[in-house]
Amino acid sequence: MVYECITVRTEAEKIGVVTLNRPKQLNALNDQLMNELGEALAAFDADEKIGCMIVTGSEKAFAAGADIGMMASYTFADVYKGDYITRNWERIRSVRKPVIAAVSGYALGGGCELAMMCDFIIAAD
């Protein structure tokens, strides 16, 4: 599958690595990134060869939180009816294999929540 907001690779034929890839936005979380992340983790989860997954960002930012620019025009009703907060997070929570957050740089707001959703967090200095 081709992704726009993440990159995906396999290490040692048994570790799935997902890298958040929105450098201009410091990997701010938007719907597309979260949907792609959920799809990639679900695919690794279903692959018998994969034993665990790593989610990482860049050296400067793991994820700088929610994409505020995307949310600017939302009303309370939009957020409530669209199930904004949990809609694409539940898929990530359903992954059964271990997920490791490799955190370097900013992990603010939703970025910190994403790291905390993982089973382990390994943080850089």
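The largest nonpolar core has 26 residues, and Leu20, Leu29, Leu37, Leu41 and Phe62 touch the most other members. Such a core is a set of buried Ala, Val, Leu, Ile, Met, Phe, Trp, Tyr and Cys residues joined through side-chain atoms within 4.5 Å. Buried means under 20% relative accessible area, exposed over 50%, partly exposed in between (1.4 Å probe, protein chains only). At least two core residues come from each of β2 (15-20), α1 (31-46), β3 (52-56), β4 (61-63), β5 (99-103) and α5 (110-117). Helix α1 gives the largest share, six residues. Helices (H or I, at least four residues) and strands (E, at least two) are DSSP runs, numbered from the N terminus.

This is a predicted model: local features need pLDDT of at least 70, side-chain atom pairs count only at pLDDT 80 or more, and totals for chains, interfaces and linings use all residues. Residues are numbered from 1 along each chain as its sequence is written, and side-chain values use heavy atoms, leaving out hydrogens and water.

Take Leu20. Beyond its neighbours within four places in sequence, its contacts (heavy atoms within 4.5 Å) include Leu29, Leu37, Phe62 and Leu114.

Now the cysteines. The disulfide count is zero, with a disulfide taken as a pair of cysteine sulfur atoms within 2.5 Å. The sulfur of Cys118 is 11 Å from the closest cysteine sulfur, in Cys112, so the two are too far for a bond. Cys118 is buried at 11%. Cys112 is partly exposed at 31%.

Last, Glu59. This residue sits in the loop between β3 and β4. Glu59 is exposed, with a relative accessible area of 75%. Not counting residues up to four places away in sequence, Glu59 touches Ser104 and Gly105.
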